Amino acid sequence: MPSVVALTVNGISIEVAPGTTVAVAAMQVGQPCRISVTGTPRGPLCGMGICFECRMTINGVSHCRTCQIFCESGMDVTTNE
Amino acid sequence: MSNGARRKFDVLVVGGGPAGMAAAARAGESGVHVGLVDDNFSPGGQIWRGGVEGGNPHAAAWMERLQAAQVAKLCGVRVFHQPEPGLLLAETKDTVCELRYDKLILATGARERFLPFPGWTLPNVIGAGGLQAMVKSGLSIHGKRVVVAGTGPLLVAVAASLRKDGVAVLESLNALTKAKGTRWQARFPAFGEIKQEGDFARAY
């Protein structure tokens, strides 16, 4: 297993330890997970896959619950709009 | 779990926390074919999140029993529908799978209840258990400034563990009665002084 995992969140490069969730990576670089229908930024709330506030687009797939997904090398993560 | 899998179990346990792990291990030890389903990456639930690999001896012991009882661990698998008796549909990262069973055990646990307040949807406003889960999922909080607020003894434990992780806990506020505060103080001496101020108690 590699000692670090490199990915991008909204184009910002970040390296995290293996086993780090995508939600955590987004928080570390200060990016919101999604933009609500009224245009306000949202971030993780429950941290355990229940509340769906941490939905992001991962490799083109929207509405991924990022607190339940590990970072993988080369992942392209963007705020869900 | 392979794509589009169809699996059949004598006993299917939904929820891989301590209760689900124990139920699955016991059932497996009696000789039946058992499946243990959980949305998370590994069994352990919220309480033992990260503890299975992280050296929690209780979690490790139950993992060994699951292994010995040949329980099929289906992780990263989320149940979403029961189209008919004896059948559950579940989704993985890539696909949907069918899980058939003779007996079903639900061990889906509990979760925090969030009561809305102005500002509660702002990023960096996080559930107390949620923050702990995120820390166990790699979030670095050393040197951060945190206000802990709400109700329940979990908050006191969260404030204590945050301090241990090098966080400046600016306030630890708990909506409770004086009588309850006194009971907690007696019950959880390790958490330090709990001081009553009006409707709130401050934990130190």
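Visitor: Leaving aside its neighbours within four places in sequence, what is A:Q28 in contact with?

Guide: With those neighbours left out, A:Q28 is in contact with A:I14, B:G138, B:L139 and B:S140. Contact means that heavy atoms lie within 4.5 Å. This is a predicted model, in which local features need pLDDT of at least 70 and side-chain atom pairs count only at pLDDT 80 or more, while totals for chains, interfaces and linings use all residues. Residues are numbered from 1 along each chain as its sequence is written, chains are lettered from A and ligands numbered from 1 in the order in which they are written, and side-chain values use heavy atoms, with hydrogens and water left out.

Visitor: How far apart are A:Q28 and A:I14 in sequence and in space?

Guide: They are 14 residues apart in sequence and 8.5 Å apart in space, taken from C-alpha to C-alpha. A:Q28 belongs to helix α1 (residues 22-28) of chain A. Helices here are DSSP runs of H or I with at least four residues, strands are E runs with at least two, and both are numbered from the N terminus.

Visitor: Why is A:Q28 called partly exposed?

Guide: Buried means under 20% relative accessible area, exposed means over 50%, and partly exposed is in between (1.4 Å probe, protein chains only). A:Q28 has 35% relative accessibility, so it counts as partly exposed.

Visitor: Are B:D39 and A:R65 buried or exposed, and why?

Guide: B:D39 has a relative accessible area of 19%, so it is buried. A:R65, at 11%, is buried too.

Visitor: What does the salt bridge of B:E29 and B:R65 tie together?

Guide: The closest N and O atoms of B:E29 and B:R65 are 2.8 Å apart. B:E29 lies in helix α1 (residues 18-29) of chain B and B:R65 in helix α3 (residues 57-68) of chain B, so the pair ties together parts 36 residues apart in sequence. B:E29 has a relative accessible area of 43% and is therefore partly exposed; B:R65, at 29%, is partly exposed as well.

Visitor: How is the area buried between chain B and chain A defined, and what is its value?

Guide: Buried area is the accessible area (1.4 Å probe) that two parts lose on being put together, summed over both. For chain B and chain A this is about 2,100 Å², of which carbon and sulfur atoms give 62%. There, 25 residues of chain B are in contact with 23 residues of chain A.

Visitor: Which domains does chain B have, and how do you know their bounds?

Guide: Domain bounds come from an automatic or database domain assignment. For chain B the assignment gives domain 1 (3-106) and domain 2 (128-203). Their C-alpha centres lie 32 Å apart.

Technical notes:
Salt bridge = Lys/Arg side-chain N within 4 Å of Asp/Glu carboxyl O.
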